[in-house]
Amino acid sequence: MIINCAIIDDEPLAAGLLKSYVEKTPFLHLIGSYGSALEAMKELRDHPAQLLFLDIQMPELSGIEFAKILPKDTKIIFTTAFQQYAIEGYKVAALDYLMKPISYDDFLKASNKALDWFSITQRQQATAQDRFMFVKSDYKLIRIALDDILYIEGLKDYVRIYLEDGTKIMSLMNMKKLEDYLPRPEFLRTHRSYIVHMTKAQQIDRFRIVFGEEYIPISDSYKDDVQQFFDNHTLS
């Protein structure tokens, strides 16, 4: 996978260093380097970048202010000499925050984080569009339609997939891999041991999702995403 990226930094030396790092990173393609957010705004409107290496303290329009008006699918790695901006950076959902002077090792770690994010998103989009997946079970590959899944239970190194027709499919796989693969928020992790097909939920009882006689727990670690889904689909 190749990620189209851009550099926005008003310091020529810092921008030049980042450019050299991009050029030796195989999965990054530099589409532009800009000395200000205003300059970048004009160019990126017609030639959008997937990933920005964005300085924070710049004249006229800061990196934080610029980040707030970017499309949601544009991801950001902030670059700055000022540590006090870290909290502000995470408030605008930056993937990472690099302190100057930036080493290539730190740059590569942040870039790999971006690669993971884009790869996961791409797989989720493909799965959501195709509406099926294959899983290994008893030396076979079994095709499962997403619309047939009720919920998934994690059992140590295995998962058990519960289908609407009562079928249960065991597969050697971890929950994290499935969570990354399945489209959100249609499928949400509700508990360390459960992923639920939220559009199939018919009843909620004391903040547990009910499937027949089964009650799927919702733990504190995942309750915010689950509550947001319910809030978005509840008439008050």
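Two strands count as paired if DSSP finds at least two bridges between them. Helices (H or I, at least four residues) and strands (E, at least two) are DSSP runs, numbered from the N terminus.

1. Basis of the model. This is a predicted model, in which local features need pLDDT of at least 70 and side-chain atom pairs count only at pLDDT 80 or more, while totals for chains, interfaces and linings use all residues. Residues are numbered from 1 along each chain as its sequence is written, and side-chain values use heavy atoms, with hydrogens and water left out.

2. The chain as a whole. The secondary structure comes to seven helices and 15 strands. Along the principal axes, the C-alpha atoms fill a box of roughly 65 × 45 × 30 Å. Of the 236 residues in the chain, 46% are buried; buried means under 20% relative accessible area, exposed over 50%, and partly exposed in between (1.4 Å probe, protein chains only). Among contacts (heavy atoms within 4.5 Å) between residues at least 6 apart in sequence, 50% join residues at least 24 apart.

3. Five strands form an open sheet with parallel pairing, in the order 2-1-3-4-5. Strand 2 and strand 5 are its edges, each pairing on one side only. On average, neighbouring strands of this sheet are turned by 20° against each other, direction ignored. Such angles run from 0 to 180 degrees between N-to-C directions, and axes are lines fitted to C-alpha atoms, for helices over the stretch in contact.

4. Strand 1 and its partners. Strand 1 (residues 3–8) pairs in the parallel sense with strand 2 (residues 28–34) over six bridges. Along this pairing, asparagine 4 stands opposite histidine 29, alanine 6 opposite glycine 32, and isoleucine 8 opposite tyrosine 34. Strand 1 also pairs in the parallel sense with strand 3, over four bridges; here cysteine 5 has leucine 51 as its bridge partner. Five of the six residues of strand 1 are buried, and the strand is thus described as mostly covered.

5. The first crossover. Strand 1, helix 1 (residues 12–23) and strand 2 make a right-handed β-α-β unit. Right-handed applies if, with the strands pointing away from the viewer, the path from the first strand over the helix to the second runs clockwise. The twelve residues of helix 1 should span 16 Å at 1.5 Å a residue, and its end C-alpha atoms are 16 Å apart, which agrees. The expected span is 1.5 Å times one less than the number of residues.

6. Which residues of helix 1 are buried? They are Ala14, Ala15, Leu18, Tyr21 and Val22. These residues lie on the same side of helix 1 because they cover an arc of only 120° around the axis; the arc is that of the directions from the helix axis to the C-beta atoms. In general, an α-helix has 3.6 residues a turn, so residues three or four places apart point the same way. The buried residues of helix 1 are covered by elements including strand 1, strand 2, strand 3 (51–55), strand 4 (75–80) and helix 5. On the face turned away from the buried side are the exposed residues Pro12, Leu13 and Glu23.

7. Helix 2. Helix 2 (residues 37–46) lies across strand 1, strand 2 and strand 3. Helix 2 runs at about 125° to strand 2.

8. Threonine 74 sits in the loop between helix 3 (63–67) and strand 4, and counts as buried because its relative accessibility is 12%. Leaving aside neighbours within four places in sequence, threonine 74 is in contact with Ala49, Gln50 and Leu52. Glutamine 57, in the loop between strand 3 and helix 3, has 41% relative accessibility and therefore counts as partly exposed. From glutamine 57 to threonine 80 is 23 residues in sequence and 7.2 Å in space, C-alpha to C-alpha. Serine 103 lies in the loop between strand 5 (96–99) and helix 5 (104–130); with 30% relative accessibility, serine 103 counts as partly exposed. Serine 103 and methionine 170 are 67 residues apart in sequence and 45 Å apart in space, C-alpha to C-alpha.

9. Three strands form an open sheet with antiparallel pairing, in the order 13-14-15. Strand 13 (203–204) and strand 15 (214–216) are the edge strands, each pairing on one side only. Strand 13 pairs with strand 14 (residues 209–211) in the antiparallel sense over two bridges, and isoleucine 204 stands opposite isoleucine 209 in strand 14.
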